[in-house]
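Dear colleague,

I am handing over the structure below for your review.

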Amino acid sequence: MPSVTEVIDYMVEPELLNWMLRTGAAKRKAIQDEALRVGTVVDTLIQADLKGQEYTPNPDDKQVYNSMCAWEKAKEKYPWLKEGKAQIQKELICGEIVGHPDLIIELPDRWGVIDFKSASSIRPKYWTQVCKYLQMEASLSGRELGFVGVLRLDKTTGEPEYIEISDAEYIAYEVRVFDAYYTAYQHNFKNREMIRQQLEREVLNVS
């Protein structure tokens with residue numbers, strides 16, 4: 001059962017592809033591994049904070065520390081992040097797709113899905129990801145669509161960037177984009193299986 005992230009990551013964005021082509025394999029892997037580590041640690045610390053647990057980021061781990069400084073500033077600027085009823089990393093299963101949004105939040109007058117990012121910018125595919133999460137949760141809960149938000153915690157400057165979208169037409173558009181990604185994802189595996197079966201027939205000398 002593929003995850004929302006797995007499906008979206010199958011389609012490499014042109015800017016990322018260009019970076020991959022001009023960066024050596026070893027250096028690229030080191031950068032990607034470090035980004036994954038930072039994101040995982042930051043997610044874990046934020047989850048602990050949202051659950052009311054104490055956390056202490058290591059000041060020597062600069063990227064994690066800066067990201068958590070950005071998180072603290074975001075809470076000051078958007079106090080509802082901790083005031084609303086929150087579901088953290090809730091598992092959503094719709095059909096053959098599974099998703100784990102960082103935060104599903106219910107406020108007195110609205111509800112939405114928010115994802116946390118430690119990237120250097122808010123990338124287009126983040127909206128496809130979070131809009132799909134919103135659509136899945138709305139479908140499972142029977143609610144009308146709420147809002148989507150991406151909270152970027154800059155691991156260099158320690159500053160937060162939050163953008164929120166509630167336009168139903170835009171959200172529906174991003175869900176259609178995800179569906180297109182999923183079609184391409186499925187097509188890849190169907191082609192691989194077709195080729196495998198053909199090779200087996202050739203080995204067995206079966207027409």
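Two strands are counted as paired if DSSP finds at least two bridges between them. In this predicted model, strand β5 (residues 110-117) and β6 meet that condition with six bridges, in the parallel sense. One of the bridges links lysine 117 to arginine 152 in β6.

On the pairing of β6 with β7, the sense is antiparallel: strand β6 (residues 147-153) and strand β7 (residues 160-165) are joined over six bridges. Here leucine 151 stands opposite tyrosine 162 in β7. The two strands, β6 and β7, form a hairpin with six residues between them. Within that turn, glycine 158 has a positive phi of about 75 degrees.

These pairs belong to an open sheet of five strands, whose order is β1-β4-β5-β6-β7 and whose pairing is mixed. At its edges are β1 (85-88) and β7, each of which pairs on one side only. From one strand to the next, the twist averages 20 degrees.

Helix α4 (residues 62-77) lies across β5, β6 and β7, and runs at about 135 degrees to β6. Helix α6 (residues 124-141) lies across β1, β4 (103-107), β5, β6 and β7, and its direction is at about 145 degrees to β5.

Yours sincerely

How values were computed
Residues are numbered from 1 along each chain as its sequence is written. This is a predicted model: local features need pLDDT of at least 70, side-chain atom pairs count only at pLDDT 80 or more; totals for chains, interfaces and linings use all residues. Side-chain values use heavy atoms; hydrogens and water are left out. Helices (H or I, at least four residues) and strands (E, at least two) are DSSP runs, numbered from the N terminus. Axes are lines fitted to C-alpha atoms, for helices over the stretch in contact, and angles run from 0 to 180 degrees between N-to-C directions. Contact means heavy atoms within 4.5 Å.
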